[in-house]
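Colleague: Could you walk me through this model and tell me what stands behind the words you use for it?

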Amino acid sequence: DFSVEPQTLAGITAYASLIQDVAAERVRDELLKILLSDRPSKGMRLLHETGLLAYIMPELDRCAGYGQDSKYHDRDVFEHALATADQVPTVITVRLAALMHDIAKPLTHIKGSQEGESHYYGHDKKSAEIARDVLTRLRLDGKTVETVTALIRDHMSRFARPGKGLVGVKRLINRVGVGNLAGLFELQEADIKASRPPYDFSMLERLKDAVDTVLRHRHPLTVKDLAVRGSDLIEWGMKPGPEIGRMLDKMMDVVMQDPSMNSKEALRAFFQISILKPRTPGKPVR
């Protein structure tokens, strides 16, 4: 815990614009130190109050004071983000995701027909796009960028219906990656705790149970889990190229809906049906 000497604080505020002359890598390193501290909200709030955040992460800075007009929230977007960041473990990808998970809300705000009602349709996907821009600008490595954006993009997934055969859950695992599921659940739990009480974890628990069911039964989740490979498709007559990947994706979609289809015989039958083209009337079938 610390406080900044008043004259020093005044000097930082007066010359905040000079941060633009500092290398992005140096700014990144100092920002990560703040996020990995015991209470990242204090350092982030100080960046905002001194005007530094407006130069470092203007996308987040504009969230300060942006009320959410929602029965689910009792903080503005910025303070909700800081509270969420304080709640997650000291894992940099999860802290970054917590900080930026709602960063697009000012851009996606739609006033509802009822007084005081607000909606933020698609803010999860838009926030992931903005986060990618921010992290790229700050020279974060590619793996970190991909993990953070994946967590943000699916932080609302607890509200989704699993669908027949848990297809939606399988697609979620495919998008996020098994190794990032724990971080996703930590982000979602913190998101709830940083919202207006009483806290309802029922949908999150239902999602966790569904994910556990899929993993426990070892359902095919990625193209690597398919019973066929690109080499099989080439052997069956496909030419090497992008179509190979597209066909494997189609097969993956079929197998997610029906795991019993994951055999070489079943997928070859699907392949043969898929490549059949309607013949031109009057022409003989060769």
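Colleague: Which residues of α9 are buried, and what makes them so?

Modeller: In α9 the buried ones are H123, D124, S127, A128, I130, A131, V134 and L135; buried means under 20% relative accessible area, exposed over 50% and partly exposed in between, with a 1.4 Å probe and protein chains only. Please keep in mind that this is a predicted model, where local features need pLDDT of at least 70, side-chain atom pairs count only at pLDDT 80 or more, and totals for chains, interfaces and linings use all residues. Residues are numbered from 1 along each chain as its sequence is written, and side-chain values use heavy atoms, with hydrogens and water left out.

Colleague: What covers the buried residues of α9?

Modeller: The cover includes α5, α7, α8 and α10. Helices here are DSSP runs (H or I, at least four residues), numbered from the N terminus.

Colleague: How does the reach of α9 compare with what is expected?

Modeller: From first C-alpha to last, its 15 residues reach 21 Å, close to the expected 21 Å. The expected span is 1.5 Å times one less than the number of residues. After α9 comes R139, with a positive phi near 65°.

Colleague: Why is R28 called buried?

Modeller: Its relative accessibility is 18%, and the cut-off is under 20%, so R28 counts as buried. R28 sits in helix α2.

Colleague: What makes the pair R28 and R139 a polar contact?

Modeller: A polar atom of the R28 side chain lies 2.8 Å from the backbone oxygen of R139. A polar contact is a pair of N or O atoms within 3.5 Å; within protein, one must be able to donate a hydrogen and the other to accept it, and residues adjacent in sequence count only if both atoms are side-chain atoms. Leaving aside neighbours within four places in sequence, R28 is in contact (heavy atoms within 4.5 Å) with L138, R139 and L140.

Colleague: Why is L226 called buried, and what does it touch?

Modeller: L226 has a relative accessible area of 3%, so it is buried. L226 lies in the loop between α13 and α14. Not counting residues up to four places away in sequence, L226 touches L248, M251, M252, V255, N262 and L267.

Colleague: How is the packing of α1 and α3 described?

Modeller: Their axes are 8 Å apart, at an angle of about 65°. Axes are lines fitted to C-alpha atoms, for helices over the stretch in contact, and angles run from 0 to 180 degrees between N-to-C directions. L9, I12 and T13 in α1 meet L46, E49 and T50 in α3.

Notes. Helix = DSSP H or I, 4+ residues; strand = E, 2+ residues; numbered from the N terminus.
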